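Let us take a walk through this structure together. Keep the picture in view and look up each residue as its name comes along.

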Amino acid sequence: MTVSHPMAQPILFENVRLIDPARGLDRPGRLLVRGGTIAGTDLPESEGVPDGAHVVDGGGAVLCPGLVDMRVAIGEPGFEYRETVASAARAAAAGGITTMAVLPNSQPAIDDPALVRHLRARAEETGMVSILPYGALTRRCEGSEMAEIGLLNEAGAVAFTDGTRALADARMMRLALTYARGFDALVVQHPEDPSLARGGCATDGELATRLGLPGIPTAAEAIMIARDLRLAELTRGRLHFAHVSTAEGLDLIRAAKARGLRVTCDTAPPYFDLNETAIGDFRTYAKLSPPLRGEADRLAVCAALADGTIDAIASDHAPCDADDKRQPFAVAAAGGTGLATLLAVTLARVHGGNLKLIDALGLLTHRPAALLGSDAGTLADGAVADLCLFDPDRAWQIVAGDLPGRARNTPFDGRAVEGRVLGTWKAGRQVYGQDAA
Amino acid sequence: MNDSPRAAPPRFFPQHGRHLLGLQGMHPTRIVPFLDLAESYALMNRSRQTPRDRLRGRTVINLFFEDSTRTRTSFELAAKRLGADVVNMSVATSSVNKGETLLDTAATLNAMRTDLLVVRHSQSGAPALLARKVEASVVNAGDGTHEHPTQALLDALTIRRHFGTLHGLTVAICGDVSHSRVARSNIHLLTAMGAKVRVVGPPTLIPGAIGALGVDVHYAMEDGLRDADVVMMLRMQRERMNGGQVPSPREYFRFYGLDLKRLAMARPGALVMHPGPMNRGVEIESRVADSDQSVIREQVEMGVAVRMAVLDLLSRAGDQT
C-alpha cells in the first residue's frame, strides 16, 4: 500500500476494461471517481482529464466493483491470536475485497446489538474494508434460545446464523425461520447434520478409509438441506445455505428453486478447486468444514456455478493459529484462509471455461451484496467508489506465509493461479497495490 | 502438512526410504527384503546368536503415546539384540491429544540425536507428522486406525513360513475392520504380494469403501471363511459391544466369534492368527486359540525378528542419504 489520495482529489481510471456485472457492463472505458463516489463510467475519450485529477492507467486491466465476501470468520473478538480486524482488512484489500460479512460465532458471540455496532466501527477504523456483521441466530450461537433478531437487525446485522455450527434442532430452526420473517431477515445455515458428522474429519469414502480417519458421509449435508428446505416451505422464511459442497445438496436446492422457494446458497473456492486428495498424507491445511469432497462432488459444484444454482462465492475465510493446525489430523483445527486468494482461485473457473468472467464477478459482487441487502458491488453512478483493479491473466503462486494476514493456513499452498489484484480502492482511497502502471 | 512442501504438489502417500510409516503403496521389492532379513533373524534368535554390533552406538527411542506393553517390549528386545541403546518413553495418556506435546517431544528427541524413533499414537497420521520434524528414522508402531506396518510384516512372515509363499493364498480378516490399523496394513501388504483378501464382520464395523482397497467383503463368517488358508481375527474392543456398533458381546460371539465349527469351514489346516491381546470367548474361543492350527505364539516370536529387520534396514537407509 503506497499511495493514498485525499478524498477531494478526483481519480480517473484510464485504459481499463470496465466490468459491472450488476448492469451487464463489460467494455473498455474510463471511470471517474469524485469525492469517494463513482462519478461516471461514460466519459468519452475526447473529454480530457478533469482538473486536478489523479490518473490511474490500468494498462488494459479489469476494473470491477470491490468484491463482496459473504462469509468470513475473523478472530475478533476473542481469538485475536488467529486474526484481527486489522490483519483481515489487509488480507481482504490484497484480495480486492472491500466488503465482508463476518460470522458471529466469536467470543463473545455477536448476539448483542452493541457488538454489531462495535464490529462495524472496528472495520471503519481500518478504512480499508466494510464489515457487514452477521447476527447470532441463537444466543451464544448455542442453538437453544433465539437471539434478539429484531434488535440485532436494527443495529445493522445483515443476516442471522450460528456461524460454523449447524442449527441442529428442527423445532428451533422452524421458530427462527418463522420469527425472522417478521423482519424479512435471511437465515444462513451451515448445512451439516451434527450427529452424523460427530467425530468425523474427512469425507466418508476410500481416502478416509485408507488414512484411517473418521468419516462424515456426504448425506450429512443433504439431510440438513432437505430438512431445512421443508422447514422453509412450512414457514415461508428466507433461507440460505453456506458453502454447499455436494452434488446431492445442490440437487435439492436446484429442485427447491424450481418450485419457487425463497432459498439461496453459496459455495467456497476449496469446493470447486480442490478435492479430498489435497489431504494427501494428513495435510491439516486441507482440513476444512465441511470436509473436502470427492471429485464427482467437485464437478457438481462447478456445474451448479455454471447453471445458476449457486448464488454467490464466498471465501469462507477461517484463520487458524499454527499450533492449532500442527496436530494430528483428527484433532487439528478445521478451516482455511481465503481472503487473499478468493479472486484468483475463482478465476480458475473462468480460465477453465466453466464460467464467463462477468458471471464469475457477479458471484463475487452484486449477487452476495443483494442477498445481504447491501448496495455495494456496482459501478453505477453515485455508488461508493469501492473498486478492484486486476489482471485476469497474470500468473503467480500461492505460498502459505507469503500472503498478507496473520494466519497462514491456506488450503491452496503451492497452487499456481492466474489473475492478480493490482489495486484496491475503498471509497475512493487506494488501500492496496502500487499505482497501476 | 503445516510447513509447506513449497512448490511441490501434494504428495500422495509417500514412502520415504528412511521411515516406515505405512505399507500402503509399498512395492513387493521393498517388502520382501524385510521378510527375508527377518527370517534370518528368526533363526538367529532361536540359536541366541544375534549380531550385537549391528546397531552398536545407535540410539532407539520407543515413544509410546498409547500403552502397549507387548509391542514396546518386542521393539525393545529387537533393538537390544542388535546392540542398540534403547530408551523407553511412555507419555501419559492424559496429554496424548496435545499436539504441542507431540512436536515439543520431537524437538527434544531431535536434540538428543536419536537414530530411530519408534512411535505409537492414538491418532492416525501422528507418526507422519513427527517424521517431518525429526532427523531420526521413524517407525510407525501403530497410529490410530491408520496403519501398523510391523504387525502386518510379522503376520506375512508367519504365513510365508507355513506356506512358502503369500501369492495365491486366501486370507480372511475377521472382526472390527473399521477401527483396525492391523487390518489396513495387512490388506495393503497381502494384496501387494498377490494374496486374496476377504474382510468379514458386521456391517457396522466394515467401512463402506473397503472394497476399493482390493478386498472382498462378507458379512457372514460362514461365507467369509469358506476355503480360507488363513483366518486372521482382530481384537474386538469391549466398549464397542454395548449397543454402539454391536448390541452385546454374546450377540457378537454368536455371529462373529471363531469357534471350532466355523474354523472347520476354512481349508483343512488353515492357520489361525490374532494380533493380541485376545478376548477369549468374545472374538475367539479358547479351544481355537490353543489349537494346533493357531500360530498366535509364533506371531509374537516373528514380531521380534521383523522389528530387528526393520530397525536394521532403516538405520542403513539413513546411512545412504
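The paragraphs below cover aromatic rings, charged groups and one annotated region.

Two notes on reading come before the tour. This is a predicted model, in which local features need pLDDT of at least 70 and side-chain atom pairs count only at pLDDT 80 or more, while totals for chains, interfaces and linings use all residues. Residues are numbered from 1 along each chain as its sequence is written, chains are lettered from A and ligands numbered from 1 in the order in which they are written, and side-chain values use heavy atoms, with hydrogens and water left out.

Let us begin with the rings. Over all chains, a search of the whole structure turns up 3 aromatic pairs. Rings of Phe, Tyr and Trp (its six-membered ring) pair if their centres lie within 6.5 Å; planes under 30 degrees apart count as stacked, over 60 as edge-to-face and the rest as tilted. A:F13 and A:W425 have ring centres 4.8 Å apart and planes at 85°, so this pair is edge-to-face. It links distant parts of the chain, since A:F13 belongs to strand 1 (residues 11-20) of chain A and A:W425 to strand 18 (residues 416-426) of chain A, 412 residues apart. Helices (H or I, at least four residues) and strands (E, at least two) are DSSP runs, numbered from the N terminus.

In chain A, the charged end of A:R82 sits over the ring of A:F79, 4.1 Å from its centre. In chain B, the charged end of B:R254 is over the ring of B:F255, with 4.8 Å to the centre.

Next come the charged partners. There are 41 salt bridges over all chains, each a side-chain nitrogen of Lys or Arg within 4 Å of a carboxyl oxygen of Asp or Glu. One of them joins A:R23 to A:D20, with the closest N and O atoms 2.7 Å apart. A:R23 is partly exposed at 40%, whereas A:D20 is buried at 0%. Another salt bridge connects A:E233 and A:R259 (3.3 Å, N to O). A:E233 is in helix 7 (residues 219-235) of chain A and A:R259 in the loop between helix 8 (247-258) and strand 15 (263-267) of chain A, so the pair ties together parts 26 residues apart in sequence.

In chain B, B:R316 and B:D312 form a salt bridge, their closest N and O atoms being 3.0 Å apart. Both lie in helix 11 of chain B, 4 residues apart, about one turn of the helix. B:R316 is partly exposed at 33%, and B:D312 is buried at 1%. Elsewhere, salt bridges that share partners join B:D36, B:E39, B:R160, B:R161 and B:E298 into one network.

Helix 11 (residues 296-320) of chain B also holds B:S315, which is buried at 5% relative accessibility. Not counting residues up to four places away in sequence, B:S315 touches B:L55, B:R58 and B:L116, contact meaning heavy atoms within 4.5 Å.

Finally, an unreviewed UniProt entry places the feature "domain: Aspartate/ornithine carbamoyltransferase Asp/Orn-binding" at residues 168-313 of chain B. UniProt positions are given in the numbering used here, feature names are shortened, and annotations may be inferred rather than shown by experiment. That span is 34% helix and 14% strand, and its end C-alpha atoms lie 27 Å apart.

Methods
Lys NZ or Arg CZ within 6 Å of the ring centre and 35° of its normal. Buried < 20%, exposed > 50% of the residue type's maximum accessible area, 1.4 Å probe, protein only.
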